[in-house]
Amino acid sequence: MTNKAELEEFRATVKTWLHANFPTSLAGKTTTTEGDTNLGEDLVTWRDRLAGQGWGAPTWPKEYGGAGLTHPEAKVINDEMLKINAFNPIPNMAIMGVTMVGPTILEYGTDDQKQRHLPGIASGKVRWCLGLSEPNAGSDLASLTTKAKKDGDCFVINGQKIWTSSADISHWCGALVRTDSSAKKRDGISFLMLTMDQPGVTTKPIPLIAGASPFCETFFTEAKADSGDLLGNLNEGWSVVKRLLQHERQSQTVAGRPSKSAPLQDLAKEYVGTDDNGALADPDLRLRLADHLMDADAHRLTIKRITAEAKGKVEVSAAASILKNSATKVAQTKVELKLEFMGNQGLGWEGDNFTEGELSNVREWLAGKAISIYGGSFEVQNNIISKNILGLPETTQQG
Ligand SMILES: Cc1cc2nc3c(=O)[nH]c(=O)nc-3n(C[C@H](O)[C@H](O)[C@H](O)COP(=O)(O)OP(=O)(O)OC[C@H]3O[C@@H](n4cnc5c(N)ncnc54)[C@H](O)[C@@H]3O)c2cc1C
């Protein structure tokens, strides 16, 4: 349904449903990826009601837990949620499930894999992590050395992954493993799905500068993956993971969460003050702030244009690398500017002398350093842009 009148009719249905079903106690809250026990009764109710509608992953087919909606319809749900300060918690609860693993299973999975895995992800009850990076294979992912050997009905996996986000609380892992050591490095790799709750898998959280530790070292010692959980063909995991990483970048193109707080320029005036004309008192900061606001707008409009050009389908393409890098720049500049105009107030870690906004900004600033690293670093995205979009010669990465 993309016709304007039909969409408006759908909007009215969505509005009515949200008013009847969204627990107002959750208005303005954000979601957590902690275990079910920490979710609270209202969040569990809200998750289950949304999943019942298929609105956790609204564009997925109904038989796999979605609602079979078009992207414009899914956008209507999102817009109406924003208006009442509601949110869809399911993508966060499924961790890598809704945004990355699910779309890749939809494309490469067998019917059996779709039926076994997708409804659990769309319900927000089954959490997924991704075991791609290794201590000596990050940007150069194809150098990975974790091995999997076929043994009867399963693969036996040995090796180590690193920076595995939420591995310690995930039920399943999508892992990239070497299944043919004699082939060229990108040709001997496969994508396996395995349970985390088995004796051969151990995880060790890595402490982070911003406080919470959402990621781990993950060790596979004779870990097992059912042979029915090979995603795509044997030794063709590189194509699967390239697609998965495009989905990851696509999910990282929004520069920060939508916020109902005061516009950045108003906040800046509160801290720095204004001149006789009512403009921000510091002319240098004013220039840089205006520059950032224009970048943020250009980024937002570019996403809109690419989405419109894809006729609402939100194509996953090399453009995701451009958007990931511009989202990174916009998000990091925003918190840095805030930190600057807050002055000493922007550097508090705890205590009554600081507002909630000041304390959260310093954490956002520290955590935001990671945006230019995860999902493929800023520099590596520039390499992809130069090769796949601008058609420039091959970079230093060979193999
Ligand atoms: C918060 C966070 C969450 C993450 N979650 C996950 C996860 O869930 N699962 C997972 O598998 N991984 C995860 N990662 C890992 C992430 O994908 C890697 O950190 C990233 O790919 C970079 O790899 P590396 O850390 O080994 O850095 P390296 O590859 O060692 O790179 C170091 C530096 O060299 C630069 N560099 C490297 N190669 C080139 C090149 N060819 N050209 C120009 N510059 C280059 C990089 O840009 C970087 O600045 C996460 C990382 C972070 C920070």
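The model is predicted, and every value below was computed from its atoms. Helix α1 runs over residues 4-21. At 1.5 Å a residue, a helix of that length should span 26 Å, and the end C-alpha atoms of α1 are 25 Å apart, so the span agrees with the expectation.

The protein has 12 helices and eight strands. Along the principal axes, its C-alpha atoms fill a box of roughly 80 × 50 × 45 Å. Because a compact globule of 399 residues would have a radius of gyration near 21 Å, the 22 Å found for the protein agrees with that rule. Of the 399 residues, 35% count as buried. Among contacts with a separation of 6 or more, 68% join residues 24 or more positions apart.

Most residues other than glycine have a negative phi. I95 is not a glycine, yet its phi is positive, at about 55 degrees. This residue sits in the loop between α4 (90-93) and α5 (97-108). I95 counts as buried because 26 C-beta neighbours lie inside 10 Å, where the cut-off for a buried residue is 20 or more. S166 is also a residue other than glycine with a positive phi, near 60 degrees.

M193 belongs to strand β5, which covers residues 189-195. It has 21 C-beta neighbours inside 10 Å and so counts as buried. Leaving out residues up to four places away in sequence, M193 touches W172, G174, A225, D229 and L231.

Helix α8 spans residues 264-272 and contains A268. This alanine is buried because 23 C-beta neighbours lie inside 10 Å. Apart from neighbours within four places in sequence, A268 is in contact with L280, L285, L289 and F341. D282 lies 14 residues from A268 in sequence, and their C-alpha atoms are 9.7 Å apart in space.

Another alanine, A308, is found in helix α9, residues 283-309. Is A308 buried or exposed? With 9 other C-beta atoms within 10 Å, A308 is exposed, since a residue with 12 or fewer falls in that class. E80 is 228 residues from A308 along the chain, and 20 Å separates the two C-alpha atoms.

Helix α10 comprises residues 319-342. Its 24 residues reach 35 Å from the first C-alpha to the last, close to the 34 Å expected at 1.5 Å a residue. Just after α10, G343 takes a positive phi of about 60 degrees. L347 is found in the loop between α10 and α11 (356-367). L347 has 13 other C-beta atoms within 10 Å, so this leucine is partly exposed. Between L347 and T202, which are 145 residues apart along the chain, the C-alpha separation is 36 Å.

The last stop is a helix pair. Two packed helices are described by the angle between their axes and the distance between the axes. The partner of α10 here is helix α12, residues 378-389. The two axes come within 9 Å and cross at roughly 145 degrees, and the crossing is left-handed. On the α10 side, the residues that meet α12 are S321, I322, K324, N325 and T328. On the α12 side, they are F378, Q381, N382, I384 and I385. By class, this contact has four nonpolar, five polar and one charged residues.

Technical notes:
Residues are numbered from 1 along each chain as its sequence is written. This is a predicted model: local features need pLDDT of at least 70, side-chain atom pairs count only at pLDDT 80 or more; totals for chains, interfaces and linings use all residues. Axes are lines fitted to C-alpha atoms, for helices over the stretch in contact, and angles run from 0 to 180 degrees between N-to-C directions. Helices (H or I, at least four residues) and strands (E, at least two) are DSSP runs, numbered from the N terminus. A crossing is left-handed if the near helix is turned anticlockwise from the far one by less than a right angle, and right-handed if clockwise. Two residues are in contact if their C-beta atoms, placed from the backbone, lie within 7 Å. Ala, Val, Leu, Ile, Met, Phe, Trp, Tyr, Cys and Pro count as nonpolar, Asp, Glu, Lys and Arg as charged, and the others, Gly among them, as polar. The expected span of a helix is 1.5 Å times one less than its number of residues. The radius of gyration is taken over C-alpha atoms; the globule rule is 2.2 Å times the number of residues to the power 0.38.
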